[in-house]
Every structure is written in C-alpha cells, then in structure tokens.
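Please work through each task before reading its solution.

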Amino acid sequence: MQAPQQPYRLNIKRGKKLADASGVASFLQQSDKLSPLLPTIKRNLSLQKECGSILPPIFDGCEVLNLADDQLVLSTPNASIASKLKQQLPKLQAHLQQRGWQINAIKIKVQVKRTIEKPTPIKQAILSSKAISAFASLKSNLATTPQNADLNAALERLLRRNT
C-alpha cells in the first residue's frame with residue numbers, strides 16, 4: 001500500500017525534491033522507529049512558541065532542547081545571553097506554569113554554534129550632482145603636496161565611482 005503523494009518543493013541548489021512539513025510529519029508517522037518522536041517534537045515546538053512569545057527578541061537564538069522530569073532545558077548561543085536569560089527565568093517559568101506546562105525548573109546550556117557570517121555589504125552613499133561638483137572643485141583646488149596625496153587619491157576614487 002502506497003502513501004498518498006505529498007506536495008514537494010524543488011531544492012534548486014541540489015536538484016532534489018524536499019518534502020514540506022506535512023510530508024515530514026507523515027514520514028515520521030509511517031516509520032516504526034521514528035513515530036514515537038513525533039509527540040516530543042510537537043511538544044518542543046509548542047514550548048518554543050510559548051517561550052518566544054514571553055521572552056524579548058534578544059532571545060530569538062535560544063532553543064528548547066528537552067523537557068524531562070518537569071525540568072526544561074534551554075540552549076543559548078553564548079554565555080552573555082545565558083546570563084541575561086537567567087534573569088528572565090522566574091518570569092518565564094511563571095508564564096509557562098500559568099499556560100498549563102508542568103515545569104518546576106529551567107536549566108540553561110550554552111551551545112556555541114558555528115556560524116558563517118555573511119560579509120557586510122559595502123554601503124555606498126548616493127551623492128547629489130551638487131555634492132559631486134563640490135568634491136570635484138575641492139580636488140582641483142587641492143595643493144599637490146605629499147601631505148595631500150592620500151586625500152587626493154580618495155577624492156579621485158570617489159569621483160570615479162560617482163560619475
């Protein structure tokens with residue numbers, strides 16, 4: 001017996017089809033070894049949403065790792081955020097208990113993730129024609145001395161980029 005076809009998205013980089021979230025859920029349900037994980041995944045996602053709703057945006061990098069024996073384990077990307085999160089724990093715990101979660105303790109683990117930083121784009125100001133003519137005037141009136149060589153070169157680059 002075949003499972004009904006789920007909608008797929010095409011991963012352009014690899015040329016492979018990726019299942020959407022419902023496809024992943026149906027895969028987990030069909031697998032005998034993985035199906036017990038589905039309730040835990042759903043519970044952790046619900047907890048993640050609850051924590052995200054009460055915590056300030058600075059804690060967006062924090063994740064719910066586990067909930068066992070009425071103890072919630074959260075991960076933070078660095079020690080600085082962990083110390084700030086510790087200050088928010090009583091508020092978070094009270095909110096979660098008010099929402100019906102049976103949580104008696106919250107533990108924080110620092111888990112540094114390797115991140116690949118995107119290069120910061122070079123900002124380039126758009127100069128008006130009046131500003132460009134003022135820089136051109138400055139360059140033409142600037143004395144050609146060794147002290148002004150760097151300034152002269154910078155003005156030359158600026159005018160070349162904006163003409």
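The buried residues of α5 are L155, L158 and L159; buried means under 20% relative accessible area, exposed over 50%, and partly exposed in between (1.4 Å probe, protein chains only). Helices (H or I, at least four residues) and strands (E, at least two) are DSSP runs, numbered from the N terminus. The model is a predicted one, in which local features need pLDDT of at least 70 and side-chain atom pairs count only at pLDDT 80 or more, while totals for chains, interfaces and linings use all residues. Residues are numbered from 1 along each chain as its sequence is written, and side-chain values use heavy atoms, with hydrogens and water left out.

**Exercise 1. Determine how the buried residues of α5 are arranged and what they pack against.**

Step 1. Seen down the axis of α5, the buried residues fall within an arc of 95°, so they line one face of the helix. The arc is that of the directions from the helix axis to the C-beta atoms.

Step 2. On the other side of α5, the exposed residues are D150, R160 and R161.

Step 3. The partner of the buried residues is α4 (129–141); contact means heavy atoms within 4.5 Å.

**Exercise 2. Check the span of helix α5 against its number of residues.**

Step 1. The expected span is 1.5 Å times one less than the number of residues.

Step 2. Helix α5 (residues 149–161) has 13 residues and should therefore span 18 Å.

Step 3. The end C-alpha atoms of α5 are 19 Å apart, which agrees.

**Exercise 3. Find the salt bridges and state which parts of the chain they join.**

Step 1. A salt bridge is a side-chain nitrogen of Lys or Arg within 4 Å of a carboxyl oxygen of Asp or Glu. The count comes to two salt bridges.

Step 2. E50 pairs with R99, with the closest N and O atoms 3.1 Å apart. E50 lies in helix α2 (residues 37–54) and R99 in the loop between α3 (79–98) and β5 (105–110), so the pair ties together parts that are 49 residues apart in sequence. E50 counts as buried because its relative accessibility is 14%, whereas R99, at 54%, counts as exposed.

Step 3. K139 and E156 form a salt bridge at 3.3 Å, N to O. This pair links helix α4, which holds K139, to helix α5, which holds E156, 17 residues apart. K139 is partly exposed at 23% relative accessible area, and E156 is partly exposed at 33%.
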